[in-house]
Amino acid sequence: MHSFLKAVGFSDIKSRKDVEQLINLVIEQGAERYMANLGGKTTIAEIFLEAAEDIGVALRGEYDERGNFHVEHYFPYLRGQNVSSKESVFISKRVDTDAYTGMCDDYRLGVSLIFYLQNVTDYISRQYAEEKKEHAVTLAALATEGKILLPTLSMKTAQVKEPVNTSGRIKLVEAARKGDREAMEALTIDDIDLYAQINKRLKTEDVYSIVETTFIPYGSESDNYTILAVIESVYERKNHITGEELYYMNLRCNDLRFPVCINKKDLYGEPKEGRRFRGNIWMQGTVNFDMA
C-alpha cells in the first residue's frame, strides 16, 4: 500500500481490498491515458485519474493481446506547473518495482537531485538513451506530515543580495567540479567562514532562526527528502472523490522552486505566504524530452 496516498486525499485506504477498489476506479474513470510500445506485442500504458486539480492517482501496466490492462504499479501524483531545473538528467529503471527515477546535479542544492519519473511512456516512446542530457524538469512533491514555521528575521538588503550570492556560488561550484583550483579554494574559505558564523550565532539563537531553507536526503528511499522551505503561495484543494481537504503550496528551497501537496489534517500550523514549511517529502518530476 502506498504510504503517500493520504497526501492526495485517500487516507481511508487501509486494506488490499480498498486498494483494489481504487485501482478499478482509476481504470474505469481515468481520463488521461498514455501508451508506448516496447516492441512486438508489449504495450506499456499509464492511466491518470484526477481527484483534484493537478492531483490524483495513476496506474502503470501492460495491455495484453486481448486489450486487457494488467496493473504493475500505482502511485499518487502531484503535477507541477513551472520548470524547476534545467540540468543534465540521467534516467534509470528501479530494480524493485516497475518505476523509473531521474537524477540531475543541481548546483543550488549541493546534492544530486533524485526524483520519481511521472511520464515514463514519454521516456520509452522517445527511446531516450541512458546518458546525461539537458532537459527541462518540472518537479512536484507529496508530504504525509509537516509543520509551519515563522520566517527568519532577515533584512531587506540581505534578501536583495541573496539571488546574486546564490548565482555566484553556483558558478564557483561548477568551476570547482571542472578542476578549477581557485574556485575550490574560494568555496573552502566560504564554508569555513560560514561554519564559524553559525557556531557563534548558535550560542544565543535557535538553528531555525539562522537557517532559512534546507534540502537533505531522508531515509532509505533515494527520492525522499527532509526540507525546510519558504512558502510563496498557498491554495486549498478538495479531493472530489473522498471530500478530503488538501493544501497545495508553492515552495522555494535553496533557490529551487516546486509545489508540495499535503492533507490538511496532516499539517501542523496555518500555512501563509512568507512562512516556512518543514517536513519529509517524496519528490516527483516530469521531464520534457522536447525541451532542451
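A search of the whole structure finds 13 salt bridges. A salt bridge is defined here as a side-chain nitrogen of Lys or Arg within 4 Å of a carboxyl oxygen of Asp or Glu. The model is predicted, so local features need pLDDT of at least 70 and side-chain atom pairs count only at pLDDT 80 or more, while totals for chains, interfaces and linings use all residues. Residues are numbered from 1 along each chain as its sequence is written, and side-chain values use heavy atoms, with hydrogens and water left out.

The side chains of E20 and R16 form a salt bridge, with N to O at 3.9 Å. Both belong to helix α1 (residues 16-29), where a spacing of 4 residues separates them by about one helical turn. Helices (H or I, at least four residues) and strands (E, at least two) are DSSP runs, numbered from the N terminus. E20 is partly exposed, at 42% relative accessibility. R16 is exposed, at 52%. Buried means under 20% relative accessible area, exposed over 50%, and partly exposed in between (1.4 Å probe, protein chains only).

A second pair joins E32 and R79. Their closest N and O atoms are 2.8 Å apart. E32 lies in strand β1 (residues 32-39), whereas R79 sits in the loop between β4 (69-78) and β5 (88-93); the pair therefore ties together parts that are 47 residues apart in sequence. E32 is partly exposed, with a relative accessible area of 22%.

R252 is in strand β12 (residues 245-253) and E232 is in strand β11 (residues 224-238), so parts 20 residues apart in sequence are tied together. R252 is buried, at 13% relative accessible area. E232 is partly exposed, at 30%. The pair belongs to a network: salt bridges with shared partners join E212, E232, R252, D255 and R257.

Backbone angles were also examined. Most residues other than glycine have a negative phi. D255, a member of the network, has a positive phi of about 70° although it is not a glycine. D255 lies in the loop between β12 and β13 (256-263). At 27% relative accessibility, D255 is partly exposed. D54 is not a glycine either, and has a positive phi of about 65°. D54 is found in the loop between β2 (42-52) and β3 (55-63). D54 is buried, with a relative accessible area of 13%.
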